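Welcome! Please take a look at the sequence and the model below, and then work through the exercises with me.

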Amino acid sequence: MKYINKIEDKFLILKNKKINIYMLSMIVILIIGILIRIIGITEMPNALNCDEASAGYEAFSIINYGIDRNRK
């Protein structure tokens, strides 16, 4: 019984290490993504493109009225 408990303890330690490595990698990816967006924020336009506005209006009309701008 002691041997099984030792194996279970080792397995839990390895499982926790895998979770910690996963969380660390996710945090690193998130930080890299945030930095990429912050660095390039001055080059981004400060208004909507006509395609973006059109897609937004389509979504708004479908949600509120159930039809798109072509009445389909």
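Predicted model: local features only at pLDDT ≥ 70, side-chain atom pairs only at ≥ 80, totals over all residues.

Residues are numbered from 1 along each chain as its sequence is written, and side-chain values use heavy atoms, leaving out hydrogens and water.

**Exercise 1. The overall picture**

Find how many helices and strands the protein has, and what share of its residues counts as buried.

Solution. Start with the DSSP runs, numbered from the N terminus: helices are H or I runs of at least four residues, and strands are E runs of at least two. The protein has 2 helices and 0 strands. Next, take the burial classes: under 20% relative accessible area is buried, over 50% is exposed, and anything in between is partly exposed (1.4 Å probe, protein chains only). Of the 72 residues, 6% count as buried. Finally, the accessible surface (Shrake-Rupley method, 1.4 Å probe; for residues, only the protein chains shown count as cover) is about 7100 Å², with 68% of it belonging to carbon and sulfur atoms.

**Exercise 2. The span of helix 2**

Solution. Just after helix 2, Gly66 takes a positive phi of about 85 degrees.

**Exercise 3. Around Glu58 and Asp68**

Decide whether Glu58 is buried or exposed, and list its contacts.

Solution. Glu58 lies in helix 2. Its relative accessible area is 16%, so Glu58 is buried. For contacts, look for heavy atoms within 4.5 Å. Not counting residues up to four places away in sequence, Glu58 touches Asp68 and Arg69. Now turn to Asp68, in the segment after helix 2. Asp68 has a relative accessible area of 18% and is therefore buried.

**Exercise 4. An aromatic pair**

Count the aromatic pairs and classify what you find.

Solution. Rings of Phe, Tyr and Trp (its six-membered ring) pair if their centres lie within 6.5 Å; planes under 30 degrees apart are stacked, over 60 edge-to-face, and the rest tilted. The count comes to 1 aromatic pair. The ring centres of Phe60 and Tyr65 are 6.3 Å apart and their planes stand at 85 degrees, so this pair is edge-to-face. Phe60 is partly exposed, at 44% relative accessibility, while Tyr65 is exposed, at 59%.
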